[in-house]
Amino acid sequence: MVKSSDDKTTDSRREHTDASLHEERAQADATVAAELAAAEKKADAAVERARQRADEVVHAAREMADQAVPAEAAAKLSTVLAKTDEAVAQERAKADDALDQERAQRRRVLDQFLASEREATDHDLIDERSHADTVVAARDELLATVSHDLRSLLGSLALNAELLLTYAPEGDSGANIRRHAATSRRLVARMTRLVSDLLDVACIEAGRLSLSPERVEVTKILLETVDAFEQVALAKEVRLRSNALALPPLYARFDGGRIVQVLANLVSNALRVTPPQGVISLQVTTTSKAIRFSVTDTGVGIPEASLQSVFERFSQVRKGHHGLGLHISKSIVEAHGGKIWVESQPGQGSTFYFELPSSLVSEPASRK
């Protein structure tokens with residue numbers, strides 16, 4: 001079972017959200033601690049100033065008393081004043097201890113309040129995510145069920161269209177029947193592809209994208225793709241070319257059908273945007289680390305702001321154009337352990353690349 005790229009994206013976004021939440025809480029704690037420390041420092045300074053003023057008043061009063069008291073009574077007065085100072089110091093120490101305990105109690109209450117509030121917030125966040133996951137799972141299950149049923153019905157419609165094409169009578173009436181049947185066949189093919197894309201998306205979302213690795217000849221895959229789109233390209237006056245015939249046999253182990261699906265999606269998109277007399281080129285190269293495929297067109301290009309979003313579901317690169325093909329292609333490539341990206345400039349065409357790990361390359365079959 002392969003975890004979908006959207007699942008990975010969701011996990012990444014949630015991890016980012018959690019990290020941001022923890023960072024925000026840490027900043028809030030630091031801010032509260034700083035403000036509390038500043039308030040306590042300000043209060044301590046005010047108490048210290050009040051005590052200094054009181055000490056100054058007492059000191060002045062004692063100097064005046066010393067001048068008025070006879071010498072024989074000065075010793076007794078000094079003893080009394082010393083005891084008074086000691087009593088004042090003790091009272092101040094008790095007051096400081098009481099204040100420290102009160103502040104510590106306030107901090108504990110504040111910490112308990114924040115902990116309780118954050119626990120409730122975390123619980124609500126977990127519940128919200130669980131509910132979102134349940135809704136998404138139900139949606140994907142419904143999508144898979146409906147898509148499967150639709151594909152069965154479309155299969156029957158396609159069979160009926162083929163029967164009409166085969167058994168339509170000769171003459172004008174038969175020609176009309178065949179023309180409408182051919183139109184129906186094309187429409188059914190387009191609908192079948194869309195339903196298949198929806199099924200693939202449902203599988204990707206559920207983490208059940210299936211792969212059937214096999215030993216395939218890479219250049220043969222390119223040639224099959226070119227052959228599949230050659231008639232469509234000719235009808236649009238677009239030239240298809242590849243470097244497959246110039247390459248020595250290259251064998252790799254991957255899901256050939258899925259890689260053909262990726263190439264077909266890329267070529268199909270290229271045909272939509274390439275004007276008459278344009279060129280679409282399919283290339284494959286190898287490096288020490290990967291097998292690299294590319295599809296280059298001479299179409300309208302993609303704005304820089306859209307380069308990162310073209311692989312998202314239902315992305316809209318140009319007005320009126322939505323699709324699932326690039327999203328599915330990205331998931332297929334990533335399921336093989338590879339990566340896909342695009343390079344483009346408006347008005348100068350686009351090149352879509354995807355790479356598969358070189359570990360998938362296998363040795364040519366031995367000749368007997």
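**Figure 1. I280 and the residues it touches.** Leaving aside residues up to four places away in sequence, I280 touches V238, R239, L240, R241, V267, A270, L271, T274, V295, T296 and D297. This is a predicted model, so keep that in mind for every view that follows. I280 itself is found in strand 4, which covers residues 279-286. Is I280 buried or exposed? I280 is buried, and its relative accessible area is 0%. One more pairing to look for here is I280 with S242: the two sit 38 residues apart along the chain, and their C-alpha atoms are separated by 8.5 Å.

**Figure 2. The whole chain, for orientation.** Let's step back for a moment before the next close-ups. The chain has six helices and eight strands. If you follow the sequence, these come in the pattern α-α-α-β-α-β-β-α-β-β-α-β-β-β. There are 368 residues in the chain, and 30% of them count as buried. Take the contacts in the chain with a separation of 6 or more: 72% of them are between residues 24 or more positions apart.

**Figure 3. Helix 4 against helix 5.** Here you see helix 4 (residues 218-235) beside helix 5, with axes that come within 10 Å and cross at roughly 35°. The crossing of this pair is right-handed. On the helix 4 side, the contact is made by I221, L222, E224, T225, F229, V232 and A233. Helix 5 answers with G256, V260, L263, A264, V267, S268 and L271. Sorted by class, the residues of the contact of helix 4 with helix 5 are ten nonpolar, three polar and one charged.

**Figure 4. Helix 5 against helix 6.** Now the view moves to another partner of helix 5. Helix 5 (residues 256-273) packs with helix 6 (residues 325-335) at an angle of about 150°, and their axes are 9 Å apart. An angle over 145 degrees counts as roughly antiparallel, so that is how helix 5 and helix 6 lie to each other. The crossing of helix 5 and helix 6 is left-handed. What classes of residue make up the contact of helix 5 with helix 6? There are six nonpolar, five polar and one charged.

**Figure 5. Helix 3 against helix 6.** Helix 6 turns up again in this view, with helix 3 (residues 172-205) as its neighbour. The axes of helix 3 and helix 6 come within 10 Å and cross at roughly 45°. Helix 3 and helix 6 are therefore oblique to each other. Their crossing is left-handed. D197, D200, V201, I204 and E205 of helix 3 make the contact with H327, I328 and S331 of helix 6. The residues of this contact of helix 3 with helix 6 split into three nonpolar, two polar and three charged.

**Figure 6. F293 in the largest nonpolar core.** The largest nonpolar core has 45 residues, and F293 and F354 are the ones with the most contacts inside it. Which helix gives this core its largest share? That would be helix 5, with eight residues. Zoom in on F293 and you'll find that it touches V218, L222, I259, L263, Q283, V284, F352, Y353, F354 and L356, not counting residues up to four places away in sequence.

**Figure 7. Two loop residues with positive phi.** Most residues other than glycine have a negative phi. E237 has a positive one, near 60°. You'll find E237 in the loop between helix 4 and strand 2 (239-242). E237 is partly exposed, with a relative accessible area of 46%. Q277 also has a positive phi, near 75°. Q277 lies in the loop between helix 5 and strand 4. With a relative accessible area of 61%, Q277 is exposed.

**Figure 8. I302, a buried loop residue.** I302 has its place in the loop between strand 5 (290-297) and helix 6. How accessible is it? I302 counts as buried, at 4% relative accessibility. Look also for G347: I302 and G347 are 45 residues apart in sequence, and 8.2 Å apart in space from C-alpha to C-alpha.

Notes: Residues are numbered from 1 along each chain as its sequence is written. This is a predicted model: local features need pLDDT of at least 70, side-chain atom pairs count only at pLDDT 80 or more; totals for chains, interfaces and linings use all residues. Side-chain values use heavy atoms; hydrogens and water are left out. Axes are lines fitted to C-alpha atoms, for helices over the stretch in contact, and angles run from 0 to 180 degrees between N-to-C directions. Helices (H or I, at least four residues) and strands (E, at least two) are DSSP runs, numbered from the N terminus. Angles under 35 degrees count as roughly parallel, over 145 as roughly antiparallel, 65 to 115 as roughly perpendicular and the rest as oblique. A crossing is left-handed if the near helix is turned anticlockwise from the far one by less than a right angle, and right-handed if clockwise. Ala, Val, Leu, Ile, Met, Phe, Trp, Tyr, Cys and Pro count as nonpolar, Asp, Glu, Lys and Arg as charged, and the others, Gly among them, as polar. A nonpolar core is a set of buried Ala, Val, Leu, Ile, Met, Phe, Trp, Tyr and Cys residues joined through side-chain atoms within 4.5 Å. Buried means under 20% relative accessible area, exposed over 50%, partly exposed in between (1.4 Å probe, protein chains only). Contact means heavy atoms within 4.5 Å.
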